[in-house]
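Subject: Structure for your review

Dear colleague,

Please find below the structure that I am handing over to you. My notes on what was found in it follow directly after.

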Amino acid sequence: MSQPTTKPSGPAIEIRDARVRLGDTDVLRGVTMMVPRGRMVALIGPNGSGKTTLLRCLLGLQSLDSGEVRILGEPVGPKVLSRVGYVPQRLQLEPSFTISVREFLSLRRRDTRGWFWQSHRRIDSMLHGTLGELGVESLLDRPLAGLSGGQLQRVLIAYSLLAEPELLLLDEPTAGVDTPGEQSFYELISSIHARLGLTVVLVSHDLAMVFRQATWVYALNGVICCEGHPEEVLNADSLKAAYGIHVTPYHHHHHGPQTGPVEQPIAFKRR
Ligand code: ADP
């Protein structure tokens, strides 16, 4: 895949004093964050802390009451959003929606619209690299609506990456993935991040994953309560500030499945 020839400078994400009120709730009460390019950052926080609202602001789907959001050095708008990939929590598909994975992926790029008719050799060459890494080749002829949660998430990531984004936003990407698949899924995102050098923002309830994979963590609860390296943020005081409860931080020093009642990884499940 070719990279864009001109890349404007500036951080991947700049948010200054963003405020959003929804109904009678001040959901974002002055969020400020600056994400330098190339980082893999995690956004954590309890249910209702505004994580999805913040992502919606970055995607131009939610307007601010005040403050400013810039991505890739530009105000949020269609032009810059063409350089941003987004993977939703889940996609509800009608079983009668019979589009295949190949047809779905071919919608993403003008130069791939002919995939459906092209030779497998040509398709294989297009899938080389990132898409091969995602393991979507074996799914190409499957109906999109028949995939498992984990398979569908891989296809959605492939779909995002086909447009060669500079910034990839993932909203709890393992919400529909079974537990054994979660770790390999995050490792996959991590290796894509390392290889392509793009900026990744992951919303996650899985603090054990954050500890292992993220290079920087933002803890949100209407405002950014704290930010820093995972080992700094995932300490008891920071988590108490973000979650408003006492939790024991997870330290990744075991090498197998935990069997006893000690130090279980913290995972805040969504509603
Ligand atoms: P999170 O993703 O961290 O769980 P959300 O951004 O989804 O948090 O929601 C933050 C808060 O905003 C919640 O209290 C939620 O009930 C409220 N909220 C979200 N959308 C709306 C809406 N359209 N109208 C009123 N309140 C909303």
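How many bridges join strand E3 (residues 40-44) to E8? Four bridges join the two strands, which run parallel. Helices (H or I, at least four residues) and strands (E, at least two) are DSSP runs, numbered from the N terminus, and two strands pair if DSSP finds at least two bridges between them.

Two remarks on the source are in order. This is a predicted model, in which local features need pLDDT of at least 70 and side-chain atom pairs count only at pLDDT 80 or more, while totals for chains, interfaces and linings use all residues. Residues are numbered from 1 along each chain as its sequence is written, and side-chain values use heavy atoms, with hydrogens and water left out.

Overall composition

The secondary structure of the protein chain comes to 10 helices and 10 strands. Of the 271 residues in the protein chain, 47% are buried; buried means under 20% relative accessible area, exposed over 50%, and partly exposed in between (1.4 Å probe, protein chains only). Among contacts (heavy atoms within 4.5 Å) with a separation of 6 or more in the protein chain, 64% are between residues 24 or more positions apart.

Strand E8 and its partners

Within E8, alanine 42 has leucine 202 as its bridge partner. Strand E7 (residues 167-171) is joined to E8 by five bridges, and these strands also run parallel. Strand E8 (residues 199-203) is mostly covered, with five of its five residues buried. In a regular strand the side chains alternate between the two faces of the sheet. Both faces of E8 are covered: Thr199, Val201 and Val203 are buried on one side, and Val200 and Leu202 on the other.

An open sheet of four strands has the order E2-E1-E4-E5, with antiparallel pairing. Its edge strands are E2 (25-35) and E5 (74-75), each of which pairs on one side only. E1 and E2 run antiparallel and are joined by eight bridges; in E2, valine 35 is the bridge partner of isoleucine 13.

Glutamate 14 is placed in strand E1 (residues 13-22) and is buried, because its relative accessible area is 10%. Its side chain makes a polar contact with the side chain of arginine 16, at 3.3 Å. A polar contact is a pair of N or O atoms within 3.5 Å; within protein, one must be able to donate a hydrogen and the other to accept it, and residues adjacent in sequence count only if both atoms are side-chain atoms. Not counting residues up to four places away in sequence, glutamate 14 touches Met33, Met34, Glu68, Val69, Arg70 and Gly73.

A polar backbone atom of glycine 48 is 2.8 Å from an oxygen atom of the ligand. For lysine 51, a polar side-chain atom lies 2.9 Å from a ligand oxygen atom, and for threonine 52 an N or O atom in the side chain is 2.8 Å from an oxygen atom of the ligand.

Helix H1 (residues 51-58) is largely enclosed by the rest of the structure, because six of its eight residues are buried. These are Lys51, Thr53, Leu54, Leu55, Cys57 and Leu58. Glycine 60, with a positive phi near 75°, follows H1.

Proline 46 is in the loop between E3 and H1 and counts as buried at 16% relative accessibility. Leaving aside neighbours within four places in sequence, proline 46 is in contact with Lys51, Leu220, Asn221, Ala242 and Tyr243. Proline 46 and glycine 244 are 198 residues apart in sequence and 8.8 Å apart in space, C-alpha to C-alpha.

The aromatic pair

A search of the whole structure finds one aromatic pair. The rings of phenylalanine 104 and tyrosine 159 have centres 4.5 Å apart and planes at 20°, so the pair is stacked. Rings of Phe, Tyr and Trp (its six-membered ring) pair if their centres lie within 6.5 Å; planes under 30 degrees apart count as stacked, over 60 as edge-to-face and the rest as tilted. Phenylalanine 104 is buried at 11% relative accessible area, whereas tyrosine 159 is partly exposed at 22%.

Yours sincerely
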